[in-house]
Amino acid sequence: METELKLSPVTAAQAERVFSDPALAPHLAPGRTIRMETTWYDTEDAALQALGWTLRLRSEDGRPVCTLKGPKHGLSCPELETPAESIGEGAAKLLARETLPEAVRGALEQPLLARCGARFTRRAARYDDGALAFELSHDTGVLICGGVQGPLCEMELELTAGTEAQLTRFGEHLCAEHGLPICRTGKKTRALALAEPPLREISPFFAASELLNYCIRCGYVSFRMDEDSRVHYGLTALGAREMPARFGVDFDRPCAAPEREE
């Protein structure tokens, strides 16, 4: 079982402030850097995704690991992990687990296709104050899907000792102190969103706001450059789902035009 709180987006400057936070620093072990490459797999008809499961093959400083994760309940989800040089080897080892749900077993027995991926560098350090322990990490790199790349910059708190409630309270402290948002969508979901065509073009009024870079990092807004070097911003399906609740944005109501001075 994995219990994890995700914060995203988190810039390098914000991450540095978190690692130096007086509530954390005295209990942090020396950090380490890990280079990671991830590919997520599914069947042709996305059977695993329909069941709420994800399958990935990840290289961690050259060490290959195959991981299968189930649906989340709160911050926790079932997780099965095994060393594997290929997705075929990983699926075979996972199929040998007696606790594997039958529907998931049926999906793993089908041909598996690469759906999306990520390349990133992880800065990680273990926090332990005697009552609560977790792995604190900051990931920076790119998400990849269908030849399209998008930025990745997030923090994770993965529980190793203590309770989910303790981890949540600590995460809420970091959010309040450093202006960080809790993220409820995983890397795979945001990577897959890169291949979705924009639902509509965003007005230049929105594009000029400070909110734009944040929304691009979250995968809520995509952009492209035309033949005249003009940049066009588009609302993604992920943005349409999450921005109204997070920001109270109503995309069906036009922005007010700025007043012109006479």
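Are lysine 187 and aspartate 139 buried or exposed? Both lysine 187 and aspartate 139 are buried, where buried stands for under 20% relative accessible area, exposed for over 50%, and partly exposed for what lies in between, using a 1.4 Å probe and protein chains only.

Before I go on, please keep in mind that this is a predicted model, in which local features need pLDDT of at least 70 and side-chain atom pairs count only at pLDDT 80 or more, while totals for chains, interfaces and linings use all residues. Residues are numbered from 1 along each chain as its sequence is written, and side-chain values use heavy atoms, with hydrogens and water left out.

Let me stay with the charged residues. Side chains of opposite charge can pair when their charged atoms come close. For a salt bridge, a side-chain nitrogen of Lys or Arg has to be within 4 Å of a carboxyl oxygen of Asp or Glu, and a search of the whole structure finds 17 of them. Lysine 187 forms one with aspartate 139, the closest N and O atoms being 3.1 Å apart. Because lysine 187 lies in helix H6 (residues 187-193) and aspartate 139 in strand E8 (residues 133-145), this pair ties together parts that are 48 residues apart in sequence; helices (H or I, at least four residues) and strands (E, at least two) are DSSP runs, numbered from the N terminus. Through shared partners, salt bridges join Glu4, Lys6, Arg122, Asp139, Glu154, Glu156, Lys187 and Arg190 into one network. Within it, glutamate 4 bridges to lysine 6 with the closest N and O atoms 3.6 Å apart, and both of these residues are buried.

Lysine 187 also lies over the face of phenylalanine 120, at 5.3 Å from the ring centre, and arginine 123 lies over the face of phenylalanine 19, at 3.9 Å from the ring centre. Here a charge sits over a ring if NZ of Lys or CZ of Arg is within 6 Å of the ring centre and within 35 degrees of the ring normal.

That brings me to the rings themselves. Rings of Phe, Tyr and Trp (its six-membered ring) pair if their centres lie within 6.5 Å, with planes under 30 degrees apart counted as stacked, over 60 as edge-to-face and the rest as tilted. The whole structure holds three aromatic pairs. In one, tyrosine 127 and phenylalanine 134 have ring centres 4.6 Å apart and planes at 15°, so the pair is stacked. Tyrosine 127 is buried at 2% relative accessible area, and phenylalanine 134 is buried at 0%. Together with Phe170, Tyr127 and Phe134 form one aromatic cluster.
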